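Colleague: I am new to this one. Can we go through it piece by piece?

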Amino acid sequence: MAIPSEMKALLLKGDGYAAVPSGTVLEAMEPYVDYGTIAVPSPGPKQLLIKVSLASINPSDVMFLKGMYGQPRLKGQPAGFEGVGTVVAAGADPLAQSLAGKRVAFATGLSNWGSWADYAVADAAACIPLIDTVRDADGAAMIVNPLTAIAMFGIVREEGEKAFVLTAGASQLSKLIMGVARDEGFRPIAIVRRDDQIPLLKDAGATHVLNAEAADFQTALREVMKAEQPRVFLDAVTGPLASAIFDAMPKRSRWIIYGRLDPDATVIREPGHLIFQHKRIEGFWLTEWMRGSAERRVAAVVEAQKRFSDGRWKTAVTAVVPLAEAVARVPGELAKPNGKVFIAP
């Protein structure tokens, strides 16, 4: 395959981190990226050059665009953390060479060549060769959500309690976690903000679905906590809602934070719980988890592909937006509920 010297991409306008947080909703793309032209990069010895077929948009991408993620922006570089495509050039490292010509799911990580482009560079260690039965839509969303789902459900399993709590219950990630939980006899308690999401999440595997906007939410929360005694709280939201949930949970509970969808301050309502009830607050970042046990990582990759191949998991697609139309269309598509938005070069 002939590789051109230039490509189209969504190029970052900002540099570093934002001085002032601007919330987690992407109201417009124009302040953050330009649709432009840039030279096609060359892979390093342990890297791959991938012709992108489809790139996903995750909440972490939005936080990164706005300069609110734990990784600084580089002005003029393509955005986008994850995608699927075909390897068209590989570095000299044996692992990189073994993936030449293959269709892979990839995460751009710290390579600074994002997936919202015609071509992307990724470390070979951050790429997954895909079996033929995995769709591009599932492959493009293979790493960030599925591996996080398996990793975080592993925490729930190790804790030993059958019930656990999730905020952002209608997210793709939460649905994946609930699917695994249902298969293994666990009892997810999903927190949402709209009544119309309740039946969808019951179908996805939730045992209880509570609407945080309902007038009786606090009462319902206390009743469910008393009945189920969950000790793991997987939280993508933080803020006052998460504080209220953690306060209602029993002794020895773990609040595991992996996102911050609510920009409001997060208050520990009763610090004494950390002392006398042995409650804990901790963070989860997939990048750190991926650096751990190789055996555990491989097992998670195999499990994710099996689940997508046999239909136990399926990525809900809201829209596939052409790269050239992304600046105008992506914010509106992201505002629609219950599915993922993809960018197609």
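Colleague: How many bridges pair β8 with β9?
Modeller: Strands are DSSP runs of E with at least two residues, and helices are runs of H or I with at least four, both numbered from the N terminus. Two strands pair if DSSP finds at least two bridges between them. Strand β8 (residues 163-166) runs parallel to β9, and the bridges number four.

Colleague: Before we go on, what pLDDT do side-chain atom pairs need to count?
Modeller: Residues are numbered from 1 along each chain as its sequence is written, and side-chain values use heavy atoms, without hydrogens and water. The model is predicted: totals for chains, interfaces and linings use all residues, local features need pLDDT of at least 70, and side-chain atom pairs need 80 or more.

Colleague: Which residue of β9 is the bridge partner of F164?
Modeller: Look along β9, residues 187-192. Buried means under 20% relative accessible area, exposed over 50%, partly exposed in between, with a 1.4 Å probe and protein chains only. Five of the six residues of β9 are buried. The partner of F164 there is P188.

Colleague: Which helix sits between β9 and β10 in their β-α-β unit?
Modeller: β9 also pairs in parallel with β10 (residues 208-211), over four bridges. The unit is right-handed: with the strands pointing away from the viewer, the path from the first strand over the helix to the second runs clockwise. β8 and β9 make another right-handed unit with α5. Between β9 and β10, the helix is α6.

Colleague: Which strands stand at the edges of the sheet?
Modeller: The open sheet has six parallel strands, ordered β10-β9-β8-β11-β12-β13. Two of them have a single partner strand each, so one side of each is left without a neighbour in the sheet. Those edge strands are β10 and β13.

Colleague: What angle does α7 make with β10?
Modeller: Axes are lines fitted to C-alpha atoms, for helices over the stretch in contact, and angles run from 0 to 180 degrees between N-to-C directions. Contact means heavy atoms within 4.5 Å. α7 packs on the sheet and touches β8, β9 and β10. Its direction relative to β10 makes about 155°.

Colleague: At what angle do α7 and α8 cross?
Modeller: α7 spans residues 217-228 and α8 residues 239-248. Residues of α7 including F217 and L221 meet residues of α8 including L241 and I245. The axes come within 10 Å and cross at roughly 35°.

Colleague: What is the relative accessible area of P41?
Modeller: P41 is in the loop between β2 and β3. Its contacts beyond four places in sequence are M7, L49, W113 and V121. P41 is buried, with a relative accessible area of 8%.

Colleague: How far apart in space are K175 and F106, C-alpha to C-alpha?
Modeller: K175 lies in α5. Beyond four places in sequence, K175 touches G169, A170, L201, A204 and N338. F106 is 69 residues from K175 in sequence, and their C-alpha separation is 22 Å.
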